[in-house]
Amino acid sequence: MIIARASQRRSVSNTSARGTAIWLAVVWRLAIVISGSYALVRAYHPFSSNPNIGMFRYFTNLSNAVAILCFVCALLAMVAPAYRPGRKILWRPLKNMLMMGLLVTMLIAQMLLNGIWTDGKINPSLLFLHLITPLMMLLDWLFFDAKGAMRSWEPVVWLLWPFAYLVVTLILAPISPIREENGHYVKYPYGFIDVDTLGAGRVVIYVVVLLILFVILGYIIFGLDHLFKALFRRGRRS
């Protein structure tokens, strides 16, 4: 009888903990949607006479937009009456691929571009696009995703997103400029893929180096994923 009561209390406690974790995840993912949406709206300038139509030619903006769409779908599923704890609502490799895309652009922006600065001042849109939202995505994986679930092939598959972006961007550049600036057309969103200025050979080198760095960072995340799983197991045993 005593054992049954203890087991019942434990079951109620576990259910309550799972419910709390679900709502924490809902609040956090809603914050990600708000963060990313705020940055994109500011970048687009929807209420100006000249909205930034070409903004979605940039990898950061596209990654944020797709991530927002995925999290909105996840939130709708999580607050639905039929939702049950443990139910898979986001395809893990897709979510991880978007997280990696945001983290890579965050690092490139901080090391090679202006980061979060424009004319010596913090640009709120860049702050959320290049720093806050990527870090929130990383923390979402850290706190709410099951550890040890990543497969060894995933970091290679994550390359599909940046590779597809590069192919489409290089195809569109000569036929559909992003914008007109100082009397000439801007065709390439980033200087390191500007074939007209750098030549095809140098662009290929830069792209290969970036893709290699993407894979390296991906396997660092993969290693941390499995390391955290081992640490959590050890903590439960002790």
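Which residues in α2 meet W161, P162 and Y165 in α6? Let's look.

## Two helices that meet

The residues are F59, L62, S63 and V66, where contact means heavy atoms within 4.5 Å. Of the residues in this contact of α2 with α6, six are nonpolar, one is polar and none is charged.

This is a predicted model, in which local features need pLDDT of at least 70 and side-chain atom pairs count only at pLDDT 80 or more, while totals for chains, interfaces and linings use all residues. Residues are numbered from 1 along each chain as its sequence is written, and side-chain values use heavy atoms, with hydrogens and water left out.

## How the helices cross

The axes of helix α2 (residues 59-78) and helix α6 (residues 160-172) come within 11 Å of each other and cross at roughly 130 degrees. That makes α2 oblique to α6 (angles under 35 degrees count as roughly parallel, over 145 as roughly antiparallel, 65 to 115 as roughly perpendicular and the rest as oblique).

## Aromatic pairs

Now for the rings: the structure holds eight aromatic pairs (centres within 6.5 Å; planes under 30 degrees apart are stacked, over 60 edge-to-face and the rest tilted). In one of them, the rings of Y38 and F128 have centres 5.0 Å apart and planes at 70 degrees, so the pair is edge-to-face. Y38 sits in helix α1 (residues 2-44) and F128 in helix α4 (residues 124-144), 90 residues apart.

W141 and F228 make a tilted pair, because their ring centres are 6.1 Å apart and their planes are at 45 degrees. Y58, Y190 and F192 form one aromatic cluster.

How values were computed:
Axes fitted to C-alpha atoms, helices over the stretch in contact; angles between N-to-C directions. Helix = DSSP H or I, 4+ residues; strand = E, 2+ residues; numbered from the N terminus. Nonpolar A, V, L, I, M, F, W, Y, C, P; charged D, E, K, R; others polar. Phe/Tyr/Trp six-rings, centres within 6.5 Å; stacked < 30°, edge-to-face > 60°.
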